[in-house]
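Q: Please take a close look at one residue and its surroundings. Then set that part against the rest of the chain.

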Amino acid sequence: MEEKIKIKGARTHNLKNINLEIPKNKIVVFTGLSGSGKSSLAFDTLFAEGQRRYIESLSPYARQFLGQMEKPDVDDIEGLSPAIAINQKALSHNPRSIVATLTEIYDYLRVLFARIGQPICPLCKTPIEKLSPDEIFNLILEKSKNLKVEYVTILSPVVYGRKGEYYQLLYDYLNKGFSEVVIDDKFYSLHDKITLSRYKNHTIEIVIDKIMINDSSRLFEAIETALDYSDGLIDIIYPSKPEIKMIYSSRFSCPNDEFSFPELEPRLFSFNSPYGACSVCHGLGKEDVFLKTICPSCKGKRLKEEALSVKIANKNIWDIVSLTIEDCYNFFGELNNKLNEKQLKIAGGLIDEILNRLDFLLEVGLDYISLNREAETLSGGEAQRIRLSSQLGSKLSNTLYVLDEPTIGLHERDTDKLLKTLKKLKQMNNSIVVVEHDEKTIFESDYLVDLGPGAGVNGGKIVAAGETQKLINDKKNNSLTLKYLRHEKEIPIPRRRTNFSENIKIIGARLNNLQNINIEIPLRKLISITGVSGSGKSSLMEVIYRGINHNLSRFNNPMEYASKIMGVEYIRRIVQIDQSPIGRTPRSNPATYTNVFAPIRDFFASLEDSRIRGYNKSRFSFNVKGGRCEACEGAGAKLIEMHFLPPILVQCEVCKGKRFNRETLEVKYQGKSIADVLELTVDEALDFFNDVYPIAEKLKLLQEMGLGYIQLGQNATTLSGGEAQRIKLVKELSQTASKTIYLLDEPTVGLHYYDIELLLHILEYLVDRGNTVIVVEHNMHFIRSSDYIIDLGPEGGAKGGKIVAKGTPEEVIKQKSYTATYLKKYLFSYHPKI
């Protein structure tokens with residue numbers, strides 16, 4: 001009998017008291033329109049309850065450090081396993097965090113360098129060996145046998161290249177019973193008066209003994225005495241071979257210039273420890289974190305000179321983490337051939353662990369990322385795939401994994417690798433729940449749950465649930481998602497604009513991995529920049545943004561990232577619309593950001609009740625004194641410090657989360673106060689204010705962008721990156737600008753087929769008004785709707801950064817590139833003769 005997870009009465013957010021059974025140890029995809037309730041079911045119900053139950057099973061002592069978790073609004077969930085969420089949130093904003101530390105690869109590297117690293121003197125580049133007295137004894141015997149000598153002279157270098165007369169030192173050694181000394185390569189008797197120049201460098205070596213090689217006990221005693229007096233150094237000369245002199249050390253210290261190494265231990269290679277971190281930048285690699293200026297001491301390498309002077313196969317630890325994951329895998333794959341038997345015995349297990357982790361990263365399509373890349377520069381998709389690779393390494397079983405669109409940022413080619421990873425997790429007896437819109441991932445899943453039928457208040461119901469292939473083949477089911485999957489419904493290709501009269505020319509783009517490329521970008525068009533992960537798409541977007549801004553600002557200084565940009569006279573401004581939050585505090589919301597709240601406040605101020613009371617528009621603002629609740633200062637909630645427990649946000653007891661004071665809330669329109677209006681969704685507000693043009697006009701733009709389900713007063717911090725980006729687009733649409741270049745990074749993230757259709761309609765509207773829209777995109781439905789494509793590659797990282805295809809979609813599919821291969825399949829349904 002198949003094991004199942006049984007959900008009864010789920011009501012989290014917009015879920016409509018749903019009951020659902022999903023199979024365990026399968027890949028289950030949750031699909032549906034944006035805002036239909038997929039994340040509410042997957043993350044806020046399944047994951048939240050799985051995590052809560054695990055924490056509840058711990059001791060009260062342990063729970064105090066983990067905080068209290070509220071029970072999701074669900075009657076019961078049976079068969080739930082411990083849950084792990086792998087979402088798109090940044091892994092770390094700490095500048096000390098890099099990919100190597102996040103994946104634990106750096107921990108293994110530190111141990112590896114401490115065990116088999118070869119110290120190299122940074123001054124004279126001499127390899128330094130640390131030898132035990134036994135090893136020195138054996139080396140002397142071996143060398144004597146090869147030279148065929150019968151006795152040796154043992155010297156203890158007590159002064160090495162320092163100025164001084166050293167009268168007292170020589171006298172002290174005479175009193176200790178020694179009779180001879182070598183000073184600057186000449187023998188002297190300690191019974192004679194020795195006068196040294198005070199201002200010249202001298203090397204003084206005490207003659208410990210002259211010994212026959214076959215006198216083992218005396219030889220070993222002399223070695224120990226020499227090492228003791230010189231603090232770890234010993235010189236050997238062979239009287240019958242005066243030209244030969246051997247130097248051995250029992251510590252990591254250069255015999256030529258006395259550069260001394262500390263004991264090789266893992267902390268020496270940690271830039272988070274004062275023992276190994278650069279003393280100037282304290283391990284950050286930057287002199288100024290905010291200005292991003294490179295540290296002049298370590299040159300951005302974060303570590304002390306001693307740590308950087310220890311090498312394995314001619315590479316120090318920073319050289320290795322500067323490699324891409326693919327290059328690093330190749331380095332360690334070949335390392336075994338470069339190590340001796342003893343080193344292999346010590347390092348074999350460590351190298352295997354490093355290779356395993358690198359292999360997991362390669363499996364999720366991250367071959368192009370360097371191990372020293374800072375965590376905060378990773379995209380949401382990259383961060384999620386790093387988490388996924390770590391879970392592969394943990395080898396957990398009987399666990400519920402909940403993933404949020406893992407294909408974000410992945411080219412179609414790399415999606416295949418990701419799907420193999422998910423299947424590998426499933427084979428380890430794990431249950432995989434994936435919130436996903438990617439067509440390939442949906443087809444490869446075992447079970448499909450489609451939520452809807454609409455978004456927001458119109459969603460939250462199960463419209464289809466069953467084995468994926470059976471649902472797709474069952475044409476009786478009229479789910480919107482299934483119609484798109486069966487190609488009963490398609491995203492139409494807009495009218496193609498083929499007249500390329502004006503363009504921007506970029507000469508010699510060379511930022512990051514861009515290979516000094518020249519490119520013409522047509523204006524007044526919808527343009528997609530495509531390519532495999534790491535091929536240079538974001539770098540090209542940055543060149544476009546910085547270069548055009550540089551020219552529009554009329555700066556005369558040369559650009560570091562490109563040689564020349566021409567055609568800027570055809571544009572007035574350039575706007576970057578990214579997926580960063582529209583606000584970082586609960587005070588920011590869609591209504592305030594899009595400025596729809598301003599006409600709403602004007603409207604409430606114009607009501608008769610407001611005029612009688614003498615209220616103006618400021619009365620209806622929760623950011624200024626007058627109409628807001630002063631107990632919470634308009635926030636609607638208070639942050640309560642809990643000492644040993646984490647601080648919690650609790651609803652304001654005075655206004656009950658309404659943000660405004662009692663007098664302000666008494667002013668109503670059709671029975672709703674200003675606080676009630678903020679709780680409306682965009683769709684509900686449009687019906688409510690349908691006759692008020694200044695308000696309805698802005699609300700229609702939000703609705704047309706597929707955002708009808710979000711609340712006007714929804715906390716900005718709860719919006720996804722895709723929702724934030726579309727809200728920013730709405731703000732731009734409300735302006736009447738033309739000759740503007742809009743730059744968007746993967747605007748289809750989190751969008752259903754239907755939502756992509758709405759997005760294309762909006763972008764077409766921008767272009768029709770004389771603007772240019774340039775988009776970094778992987779979604780083939782979107783790419784085929786573009787007027788022009790610039791495809792970068794052929795691979796990621798150092799193997800990318802070149803233009804491998806360009807032109808209209810019909811022209812690109814005739815060229816040789818990964819994008820062309822996959823795009824051809826998506827165009828055939830429209831152009832069967834291509």
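A: **Q391 and its setting**

Q391 is in contact with I84, I86, L396, Y401 and L425, leaving aside neighbours within four places in sequence. Contact here means heavy atoms within 4.5 Å. Q391 belongs to helix α12, residues 380-394. Helices are DSSP runs of H or I with at least four residues, strands are E runs of at least two, and both are numbered from the N terminus. Q391 counts as buried because its relative accessible area is 16%, and buried means under 20% (exposed is over 50%, partly exposed lies in between; 1.4 Å probe, protein chains only).

This is a predicted model, in which local features need pLDDT of at least 70, side-chain atom pairs count only at pLDDT 80 or more, and totals for chains, interfaces and linings use all residues. Residues are numbered from 1 along each chain as its sequence is written, and side-chain values use heavy atoms, without hydrogens or water. The predictor's confidence in each residue, pLDDT, runs from 0 to 100. Its mean over the chain is 89, and 96% of residues reach 70 or more.

Now the whole chain. There are 29 helices and 30 strands. The C-alpha trace spans about 115 × 65 × 65 Å along its principal axes. Of the 834 residues, 53% count as buried. Among contacts with a separation of 6 or more, 68% join residues 24 or more positions apart.

Next, the nonpolar cores. Such a core is a set of buried Ala, Val, Leu, Ile, Met, Phe, Trp, Tyr and Cys residues joined through side-chain atoms within 4.5 Å. The largest has 136 residues; F332, I600, F604, F689 and L699 touch the most other members. Helix α11 (341-363) gives the most to this core, 9 residues. Take F604: beyond four places in sequence, F604 touches residues including F620, V667, Y669, I674, V677 and F689. Another core lies apart, with 34 residues, among them I140, A226, I234 and Y248.

Then a sheet. Six strands form an open sheet in the order β9-β8-β10-β7-β11-β12, with antiparallel pairing. Two strands pair if DSSP finds at least two bridges between them. The edges are β9 (186-189) and β12 (241-249), each pairing on one side only. Neighbouring strands are turned by 30 degrees against each other on average, direction ignored. Antiparallel β7 (151-163) and β11 (233-238) are joined by 3 bridges, and L155 stands opposite D235 in β11. Two helices pack on this sheet. Helix α5 (133-147) touches β7, β11 and β12, and its direction makes about 160 degrees with that of β12. Helix α6 (167-175) touches β7, β8 (180-183) and β10 (201-212), at about 155 degrees to β7. Axes are lines fitted to C-alpha atoms, for helices over the stretch in contact; angles run from 0 to 180 degrees between N-to-C directions.

Last, helix α26 (753-768). Its 16 residues should span 22 Å at 1.5 Å a residue, and the end C-alpha atoms are 23 Å apart, which agrees. The expected span is 1.5 Å times one less than the number of residues. Buried residues of α26 include Y753, I756, L760, L763 and V767. Just after α26, G770 takes a positive phi of about 90 degrees.
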